[in-house]
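Hi,

Here is the structure for your files. Please look through it, then read my notes below.

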Amino acid sequence: MEFKIKTGELAAQKTPCLVVGVFEKRRLTESAERLDAASNGRLSALLKKGDLSGGVGQTLLLYDLPGITAERVLLLGLGKRNEFTRANYRQALSAVASVLQQSGAEGATLALPTPLPRGLDLYTAARDAVLMVEERCYRYTRTKSEDKQEPKRPLKRLNLWIAARGESASVELAIHHGQAMAEGIRLARELGNLPGNLCTPTYLAEQTQVMAKEFPKLSVEVLDESQMQALGMGALLSVARGSRQPPRLIVAQYHGADTETKPLALIGKGLTFDAGGISLKQAADMDEMKFDMAGGAAVLGAMRAACLLELPLNLVVIIPATENLPDGAANKPGDIVTSLSGQTIEILNTDAEGRLILADALTYCERFEPETVIDLATLTGSCVIALGKHPAGLFTNDERLATELTAAGEATWDRVWRLPLWEDYQEQLNSNFADMANIGGREGGAITAACFLARFAKKYRWAHLDIAGVAWLSGKDKGATGRPVALLTHWLLTRAGAL
Ligand code: BES
Ligand code: MN
Ligand code: ZN
């Protein structure tokens, strides 16, 4: 999607469709008032007929308004004026994006509302608009025949209109940042939605290499099975043994700052299909385990955004990629493996594989002497039980990092909620036969998974995001969300001093 900023007389905007907001009980926003004045009260006269009250997300399309250059005017309900929250604003944006996408119009102009949603600055309001419209207009097409693809004439251009020319700089910046985020999100969604037979560890590695050709500041190294063997990545390789697909350790480095600057590291779980292994999952919804590489996809998405924004920082992205399938060579309950760190692990449940591959990636990451490490993983169903599907679970023992990531989540509405990472939980991982077990029992499953990872992340500042509840939607809207690319990109923007 192409976004542009527009200022100047609203009634004179040349566009196929001009969108202005209306509050509940037919109270006009400032921009709607401008159109009402230009059309000699026609807008309010039409509204009086009662076709639109202004409830959140309601829309009404009007043609041939006198005194207005736009071909159509689309009224958008924003809810009650004194309850104009960001949530309502986003809901309205989502509704209008759907209508525009179905309308057949290839371009539109959206008047950013005045007043703005409560507590929201213009930058964030504009960036929300970019991100919501992009989110709504994304269509997965890769494995669908052309005649099955909808819509036929998608929206291609959206202008954001503001009254005050003097404020255009913050909107320009919002568009710049929002588009880069959106492109990262799109990449993460696309990779997530691709089925497991196409999106294999090898495919993920190839896509990363393709990206490195596009951006000169990006370099990629892909470790194969024998290289991982030589290093001693016994935990990761034990998971891969159950699969015909060869595993990959994808290591990408973005050099945006001088070589002395310590890198930020992002590690994403790249489980391209998780059947559970010998501890086989139930059949229902097992297809959704193609999304188990969403952490890997998200770190690639954030990396893409960082490249597009040319952020002045150094970044290391690591994706341990494999499948988890049952096979004669697969891990068996009770098997003990030696991780790259030297610590031994008793595998009591082969379906707790994410932590095994992440353990070796976390240890491998030490060699980059990272300033901070964040890992992202669709790690536990337990996290979804604890928090539902709205926030990701945040685990860290670094207070500053907790604050930063929580704030980045709020700023992008890609929110996280912190859960404890106390030593008290560690004893649940005790094993009679190895240094630790790979599961900690029913209680606090998301926490014991994080505690397991913590044992491999002692050498640096670290946070873990359990994105099992947020990385994809189920049901009729089944598909990858691209979360938390927005959060990560915002965090990188702040770390780069760009905000
Ligand atoms: N990828 C799953 C976690 C998952 C399950 C995410 C369902 C979203 C929906 C992970 O590998 C897994 O299987 N975790 C187990 C851990 C358990 C065996 C301790 C789980 O959560 O059931
Ligand atoms: Mn699993
Ligand atoms: Zn998994």
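How far is an oxygen atom of ligand 1 from an N or O atom in the side chain of Lys 281? The distance is 2.8 Å. That is a polar contact (a pair of N or O atoms within 3.5 Å; within protein, one must be able to donate a hydrogen and the other to accept it, and residues adjacent in sequence count only if both atoms are side-chain atoms). The protein covers 76% of the 510 Å² of accessible area that ligand 1 has on its own (Shrake-Rupley method, 1.4 Å probe).

First, the ground rules. This is a predicted model, where local features need pLDDT of at least 70, side-chain atom pairs count only at pLDDT 80 or more, and totals for chains, interfaces and linings use all residues. Residues are numbered from 1 along each chain as written, chains are lettered from A and ligands numbered from 1 in the order written, and side-chain values use heavy atoms, without hydrogens and water.

More on ligand 1. There are 16 residues around it (a heavy atom within 4 Å). Among those that come nearest are Lys 281, Asp 292 and Gly 381. A polar side-chain atom of Asp 274 lies 2.9 Å from a ligand 1 oxygen. For the side chain of Lys 269, the N or O atom is 3.2 Å from an oxygen of ligand 1.

Now the metals. Donors here are N, O and S atoms within 2.8 Å of the metal (3.2 Å for Na, K and Ca); water is not among the atoms, so sites may look incomplete.

- Manganese ion (ligand 2): the protein donors are Asp 274 (OD), Asp 351 (O), Asp 351 (OD) and Glu 353 (OE), at 2.1 to 2.2 Å. The donor residues are spaced D-x76-D-x1-E.
- Zinc ion (ligand 3): Lys 269 (NZ), Asp 274 (OD), Asp 292 (OD) and Glu 353 (OE) are the protein donors, at 2.0 to 2.3 Å. Their spacing is K-x4-D-x17-D-x60-E.

The two ions lie 3.1 Å apart, and Asp 274 bridges them.

Best wishes
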